[in-house]
Amino acid sequence: MANQSYSLVCHLLILLAFSNIIIPSISSVKRQEKPGRTDKHEDYGGASRDFKHILRKDYLRNYSSPPPRYGSRIYSVLSFGAAGDGASDDSKALVSAWKAACKVSKATIEIPTGYNFLIKPVTLQGPCMPHLILQIDGTLLAPSSTSAWPKYNLLQWLNFKWLHDFTIQGSGTLDGQGSQLRNTSQFHQSPKAKPETRPTVIRFYKSYNITVRNIRIVNSPQCHLKFDSSRGIKVKSLTISSSQDSPNTDGIHLQNTRDVEIKNSNIGCDDCVSIQTGCSNIHIHNVNCNPGHGISLGGLGRSNSLACVSDVSVDNINVQNALSGVRIKTWQGGVGSVRNVTFSNVKVSNVEIPIVIDQYYCNKKSCKNKTDAVAISDITYKGISGTYSFQPMHLACSDSTPCSGLNLINVKLSPENNSQALQKPFCWKSYGKAYGLFDPSSVGCLQRNDRLSKTLTKSHNNTC
């Protein structure tokens with residue numbers, strides 16, 4: 001009997017101790033909970049949902065990296081504290097989700113649909129485990145107030161660095177809210193900033209095997225999507241747009257980047273695609289540009305610099321309501337070369353000047369004449385057709401470094417409106433050959449003495 005009483009007392013003491021530890025702990029967690037959305041995507045099995053929710057909150061409070069959804073590699077920014085209300089600052093949640101997913105192979109950072117996430121300028125950098133995905137199905141909003149932009153970081157909004165095998169995809173939107181920022185003086189006050197400095201929406205730096213697909217990028221203060229010092233780039237099925245009166249809002253901007261494919265996209269902004277120095281093996285096809293400045297190589301050679309661009313293919317492009325269709329522009333005084341470029345099957349509609357080479361490019365009232373020029377050679381225009389509103393072609397090549405190896409094949413361009421004052425095609429120091437059918441016939445105005453032009457440009461080609 002005594003033994004039974006002793007055993008009963010022991011069990012009661014153990015039960016009392018257990019209740020004093022566990023129950024206050026759970027109550028404490030409940031008191032600390034804040035009202036908010038429950039994660040719609042969590043699946044906790046058959047156990048009590050409330051108890052599992054308490055345990056999850058306790059985990060989030062005690063560990064810096066919340067887990068992905070149970071049984072998956074998906075890291076939702078909502079799980080890291082993002083509000084998604086378009087007003088709260090969700091930058092820390094995005095960075096935290098990035099840091100956690102970066103350590104996991106084939107992980108996905110999720111920007112879920114139905115939410116607006118306000119993100120201040122951030123840098124999301126590697127190296128990360130391979131095949132990381134940023135899945136954007138909701139909307140990311142840049143700050144619309146200049147006070148949210150630090151004066152030391154005026155160059156980009158979302159800055160991706162040192163990544164390999166990385167993809168951005170989804171049905172969502174990145175909104176740079178640039179219409180409220182372009183005319184502000186905030187971006188001209190930093191002593192390190194150039195007068196035209198404004199942020200780019202997405203910038204990749206020293207990244208390799210990058211894919212960007214399906215998303216919308218709109219209303220950037222400056223460039224929408226930039227690749228710098230990168231390689232192995234695939235861009236497809238994008239929609240990029242900004243207001244027609246927004247200056248220097250290039251759609252896709254490439255510099256010091258190789259092995260690029262851009263396809264099946266709709267772009268309406270300043271330069272549809274801008275190709276700068278250090279770029280080679282660039283393929284652009286099945287792209288619609290409306291409105292803007294079409295496809296541009298340059299300006300190259302600014303401030304007497306070295307510029308090298310080669311092996312560019314542009315095919316099956318539609319350009320509408322634009323200043324130019326396909327354009328190469330270089331500054332006087334630069335050195336280097338642009339070579340082996342092909343523009344084929346380009347359709348233009350209401351474009352001021354569909355075909356442009358300008359080796360006297362100047363973006364101010366006047367520029368000093370200089371002898372040196374970036375050499376332009378082996379450029380082919382094939383199957384260029386449609387309507388122009390000012391001049392069908394303008395080839396203004398350098399006196400000291402004429403363009404050589406130009407080929408015009410089947411160029412048919414007619415006036416958009418015959419009542420407008422129109423200019424005839426212009427060729428200056430542009431050497432090459434014309435083949436096939438031409439409309440107007442004066443489009444074939446190339447100079448024939450190609451051997452002379454190659455002699456003049458030979459010394460400039462060895463700098464690249």
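Helix 3 (residues 91–102) comprises twelve residues and spans 16 Å from its first C-alpha to its last, close to the 16 Å expected at 1.5 Å a residue, the expected span being 1.5 Å times one less than the number of residues. Helices (H or I, at least four residues) and strands (E, at least two) are DSSP runs, numbered from the N terminus. The model is predicted, with pLDDT of at least 70 required for local features and 80 or more for side-chain atom pairs, whereas totals for chains, interfaces and linings use all residues. Residues are numbered from 1 along each chain as its sequence is written, and side-chain values use heavy atoms, with hydrogens and water left out.

Among the buried residues of helix 3 are Leu94, Ala97 and Trp98; buried denotes under 20% relative accessible area, exposed over 50%, and partly exposed in between (1.4 Å probe, protein chains only).

The structure holds ten aromatic pairs. Rings of Phe, Tyr and Trp (its six-membered ring) pair if their centres lie within 6.5 Å; planes under 30 degrees apart count as stacked, over 60 as edge-to-face and the rest as tilted. Phe166 and Phe204 form a tilted pair, with ring centres 6.2 Å apart and planes at 55°. This pair links strand 9, which holds Phe166, to strand 11 (residues 200–205), which holds Phe204, across 38 residues. Phe204 also stacks with Phe227, at 5.3 Å centre to centre and 5° between the planes. Phe227 lies in strand 14 (residues 225–228), so the pair ties together parts 23 residues apart in sequence. Ring pairs link Trp98, Phe160, Phe166, Phe204 and Phe227 into a cluster.
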